[in-house]
Amino acid sequence: MPIRLLSEAVASRIAAGEVVERPASVVKELVENSLDAGAARVEVETHEGGIALIRVRDNGGGILTDELALAFRRHATSKLETADDLEHIATLGFRGEALASIAAVSRTTCITRHASEATGTRIRLEAGEVVSQGPVGRPPGTEMVIEDLFYNVPARRKFLKTHRTERSHIDAFITRYAIAYPRTAFTVVHDGREVLTTAGTGDVRDVLLSVYGTDLGAALLEVPADLTLGQPICVGGFVGPTNVHRANRGYLTIFVNGRWIEDLRLAYAIIQAYHTLLPVKRYPVAFATVELAAEDVDINVHPAKSEVRFRDPDAVFRAVQRAVRATVLREAPATTSWSPEATADHAAAPASGLLSASRQPGAESESIRARLASLAAAQTHIRFGDPEPTSSGLGPQEPSRSTVKFGPAVAAPQADPTTAAERRLPVLRTVGQLATMYIIAEGPDGLYLIDQHAAHERVLYERLLSDALRGQIATQPLLSPEAVALPADEASRLEELLPALGALGVEVEPFGPSTFLVRALPALLTHLSPADLLADIAATAGESSPVREELEEAIIRHICKRAAVKAGQVLSREEMEHLIRDLEATGNPRTCPHGRPTIVQISTHDLARHFGRD
Ligand code: ADP
Ligand code: MG
């Protein structure tokens, strides 16, 4: 075949495939256009999962009669003029491709009236060709009706899933935009049944309640704007407390400058923010918004505009991770008796480098310090008996654009000495031990079961981290240094870790091929066998983790696992009382460093119910 230019019709069909993958992509493009047009109300209606019909109606600015046919031409847009404009795009659309692409693969009708014109216009296109156009009466705004999607692309039509699947893709999209644009009232109707409606009051909490239901909607914690206010990267949104988690990442949503994006790295940033706080293999629920200067993010990466490129991806990663972590920790339902001096110290430590998974000698204590700084910073923020955040506290917004900055009105949290008493965990009275595994305790609201191993792990973990920060790990020399031989691969891994171990109070030196001499251990750990400990630590370095976690922390976690009291160990009353007191003093008494719960509570109310006293 000779080389020739494709006809406009063929080129459109090819390009349409990139923009319009399924009914939800049509809904996305149309709703984005409505939002760009400043709509305060957007109604979405579908039949048969959007395959038979999609209708999106808005009360936005409308389209001028003279420009209507043009709007359906490829690369026709009112949102961009020069190539420079691409550097600072403030609208959701800018490529001028969506209407052309949608019209190319469907029968499309648009009825619109520009606010400045007395009557509206109706245009109809089939497979991208205008088949009729004429005046029609309607209030200002735009209604797009897309019928028989992919009727002329049978291959694509075959790939569509069931109506229900297509509907759920549409719902997933609209619910997210409804949260990000709380000033816009959304309605979604599938096959005549209304499935979602939001009031458009501007209160994000209202939307969360409509979208997620009362339980989850009320439980989500607001990421306070003060955490990143005034920074080049502002992070906001809502995140689940540690007792809310899901089996997959489907509940992680990220908006960048008002646009829903899919970004694996930022999803990791959120997951990592919950590190050690959630049970293993569980994922958080989060709706994070990131606002940054338009020139610091490139949204022109893919026709569907769901991927972006950041000028400084690491900075965005860190900002998201920190804001989410601080929010989660500050709302953790527990308290600490962290000493004020230590807190001041930690707060003064550099907050950067939380994620520096650096393995260079010397960098270790730095990252521990940073990690602790975040722990300590979070602890000064822990408040008890806080009312649920009630309103999103949205600041003033231009009515035309409703890109959301969540909740700037929350006051900066202060460590308030007068509430120190309130901040303490309830006093628990030790009742006894169960199955040589759990401590039974009584508190003001019922029965508490504490996993002795998990609780002790948490206690040791925080103590070692804190000591390491202050360079005050008490070490105890072994009476006679012990030689430990390791398999070659483990030995070479351990060699890399020696500087980190030194910082943690484990004094080890190479001693012949694959053999090490242990000279001292942290005082907390002298009951451990040096051979077991080294083997364990060498194994840590070989672990592959889905998130970049800090080496020192991983080592400490391993050490604590080995050092903590085991299930099956009988504890005296004093030991149990001691352990509970120590647990109360930790920053995160509710989970062990591996994310399993340390404590289970059965409230007096639940007990009464079980006994039929209710
Ligand atoms: P883009 O959104 O990238 O500009 P589209 O193909 O989606 O490209 O839309 C083309 C143009 O049509 C837009 O730039 C806008 O001027 C106009 N338009 C589309 N939908 C609407 C709407 N709902 N209300 C007002 N104008 C609209
Ligand atoms: Mg558009």
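Leu6 lies in the segment that comes before helix α1, which covers residues 8–19. The model described here is a predicted one, and in it Leu6 is exposed, with a relative accessible area of 54%. Once its neighbours within four places in sequence are left aside, Leu6 is in contact with Ala11 and Ile14.

Leu6 also takes part in a nonpolar surface patch of about 280 Å², which it makes together with Val10 and Ile14.

## Helix α2

Helix α2 runs over residues 23–36, and because 14 residues at 1.5 Å a residue should span 20 Å, the distance of 20 Å between its end C-alpha atoms agrees with expectation. The helix is mostly covered, since 13 of its 14 residues are buried, where buried stands for under 20% relative accessible area. Just after α2 comes Gly38, which takes a positive phi of about 75°.

Strand β17 (residues 438–443) and strand β18 (residues 446–451) run antiparallel and are joined by six bridges, one of which pairs Tyr438 with Asp451 in β18. The two strands form a hairpin, with two residues between them.

Strand β18 also pairs with strand β22 (residues 599–602), again in the antiparallel sense, over four bridges.

Terms used. Residues numbered from 1 in each chain as written. Chains lettered and ligands numbered in written order. Predicted model: local features only at pLDDT ≥ 70, side-chain atom pairs only at ≥ 80, totals over all residues. Heavy atoms only, no water. Patch = residues over 30% accessible without salt bridge, like charges linked within 9 Å, V, L, I, M, F, W, Y side chains within 5 Å. Areas by Shrake-Rupley, 256 points an atom, 1.4 Å probe, with all protein chains shown as cover. Salt bridge = Lys/Arg side-chain N within 4 Å of Asp/Glu carboxyl O. Buried < 20%, exposed > 50% of the residue type's maximum accessible area, 1.4 Å probe, protein only. Contact = heavy atoms within 4.5 Å. Expected span 1.5 Å × (residues − 1). Pairing = 2+ DSSP bridges.
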